[in-house]
Amino acid sequence: MLALRYRIEGDLERLRIPPPRVPAPGERLWEHLCCEAFVAAAAPAYREFNFSPSGEWAAYAFQRYREGGPLAVPDPGIAVQVSGGALELTASIAVERGPLRVALCAVIEEGDAPVSYWALRHPAPRPDFHHPDGFALELV
């Protein structure tokens, strides 16, 4: 299992945080505030996981860059805690053993502004969480 913790700090009143829902798979979560993880054990294949503060999640399996589709995964146990000026989201996912390359990302939705894209590394001029050079974290 890979345990993930995301922390978003700032004026939370300005963010469009999805309201809590019954935990379940969701669709198109990346269009709103959500936390994401991209995990590759053996390139070019990788998996994408989306976690919404609403409690919804989504997962996708890709054979190569942007070629793939939905992946059924168990409930990642999303937990959200808001205190002071911070939102913390935790989730756990099952991943392959061995060396992993990981991209940790977040989509932030603020008021009427366009969404912003945050990542450990943006290797291209425009944000592209699927870009193989964005998998900046190595786990052995």
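1. Charges first. The chain carries 13 positive and 18 negative side chains, with the centres of the two sets 5 Å apart. Lys and Arg count as positive, Asp and Glu as negative, while His and the chain ends are not counted. Each charge is placed at NZ of Lys, CZ of Arg, CG of Asp or CD of Glu.

2. A word on what you're looking at. This is a predicted model, where local features need pLDDT of at least 70 and side-chain atom pairs count only at pLDDT 80 or more, though totals for chains, interfaces and linings use all residues. Residues are numbered from 1 along each chain as its sequence is written, and side-chain values use heavy atoms, with hydrogens and water left out.

3. Burial and contacts next. Of the 140 residues, 39% count as buried (under 20% relative accessible area; exposed is over 50%, partly exposed in between, with a 1.4 Å probe and protein chains only). Among contacts between residues at least 6 apart in sequence, 58% join residues at least 24 apart, a contact being heavy atoms within 4.5 Å.

4. Now the aromatics: the structure holds nine aromatic pairs. Rings of Phe, Tyr and Trp (its six-membered ring) pair if their centres lie within 6.5 Å; planes under 30 degrees apart are stacked, over 60 edge-to-face, and the rest tilted. Tyr6 and Phe51 have ring centres 6.4 Å apart and planes at 50 degrees, so that pair is tilted. Tyr6 sits in strand E1 (residues 2-9) and Phe51 in strand E4 (residues 46-51), so the pair ties together parts 45 residues apart in sequence. Tyr6 is buried at 9% relative accessible area, and Phe51 is buried too, at 1%.

5. Another pair worth a look is Tyr117 with Phe129: centres 6.0 Å apart and planes at 75 degrees, so edge-to-face. Tyr117 is partly exposed at 38%, whereas Phe129 is buried at 9%. Both residues belong to one aromatic cluster, which also includes Trp30, Phe38, Tyr46, Tyr60, Phe62 and Phe135.

Key: Helices (H or I, at least four residues) and strands (E, at least two) are DSSP runs, numbered from the N terminus.
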